[in-house]
Amino acid sequence: MSERFHVNCELSAGLVRVTGPEAHHMAAVCRVRPGDAVTLFNGDGREYPGSVADVGKRDVLELVLIGFLAEPALLIVPGHDQAAVTGMVGSGVMTAKFKL
């Protein structure tokens, strides 16, 4: 099973460079290495599986992503207000509609 990381950048299939705090966390704290399987997400409702291609010395990681796992989900929550569902939207649900 691959480790799952949030990054603050656009993601798509191919080579992705991750820099800054996200790269530092992956490289120094989680100690990912070239060849490790990872899954990235950025809040667009999709998960992007791939592998670490290179770990630089200055908190730069290069990853090769193979695409995405799922289309963004649509959540309809009858009888709940927006505040009750905010956490769900932040955890990977792209859109929430509220029926009152």
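This is a predicted model: local features need pLDDT of at least 70, side-chain atom pairs count only at pLDDT 80 or more; totals for chains, interfaces and linings use all residues.

Trainee: Where does Asp-44 sit?

Mentor: In the loop between β3 (37-41) and β4 (48-55). Helices (H or I, at least four residues) and strands (E, at least two) are DSSP runs, numbered from the N terminus.

Trainee: And is Asp-44 buried or exposed?

Mentor: Buried, with a relative accessible area of 17%. The cut-offs are under 20% for buried and over 50% for exposed, with partly exposed in between (1.4 Å probe, protein chains only).

Trainee: What does Asp-44 do with Arg-46?

Mentor: Their side chains meet in a salt bridge, 4.0 Å from N to O. That term means a side-chain nitrogen of Lys or Arg within 4 Å of a carboxyl oxygen of Asp or Glu. Arg-46 counts as partly exposed, at 21% relative accessibility.

Trainee: How many salt bridges are there by this rule?

Mentor: Two. Arg-4 pairs with Glu-47, and their closest N and O atoms are 2.6 Å apart. That pair links distant parts of the chain, 43 residues apart: Arg-4 is in strand β1 (residues 3-6) and Glu-47 is in the loop between β3 and β4. Arg-4 is partly exposed at 46%, and Glu-47 is partly exposed at 27%.

Trainee: Switching topic: which residues of helix α1 are buried?

Mentor: In α1 (residues 20-29), they are Ala-23, Met-26 and Ala-27. They cover an arc of only 85° around the axis, so they sit on the same side of α1. The arc is taken over the directions from the helix axis to the C-beta atoms. On the other side of α1, Pro-21 and Val-29 are exposed. Just after the helix, Arg-31 takes a positive phi of about 55°.

Trainee: What is Met-26 in contact with?

Mentor: Leaving aside neighbours within four places in sequence, Met-26 is in contact (heavy atoms within 4.5 Å) with Phe-5, Arg-31, Val-32, Leu-40, Leu-61 and Leu-63.

Trainee: Which residues touch the most other members of the largest nonpolar core?

Mentor: Of its 16 residues, they are Leu-11, Val-18, Met-26, Val-32, Leu-40, Leu-61 and Leu-63. The elements giving two or more residues to this core are β2 (14-19), α1, β3, β4 and β5 (60-65). By a nonpolar core I mean a set of buried Ala, Val, Leu, Ile, Met, Phe, Trp, Tyr and Cys residues joined through side-chain atoms within 4.5 Å.

Trainee: And what pattern does the chain follow along the sequence?

Mentor: β-β-α-β-β-β-β-α-β, with two helices and seven strands. Buried residues make up 29% of the 100 residues.

Terms used
Residues are numbered from 1 along each chain as its sequence is written. Side-chain values use heavy atoms; hydrogens and water are left out.
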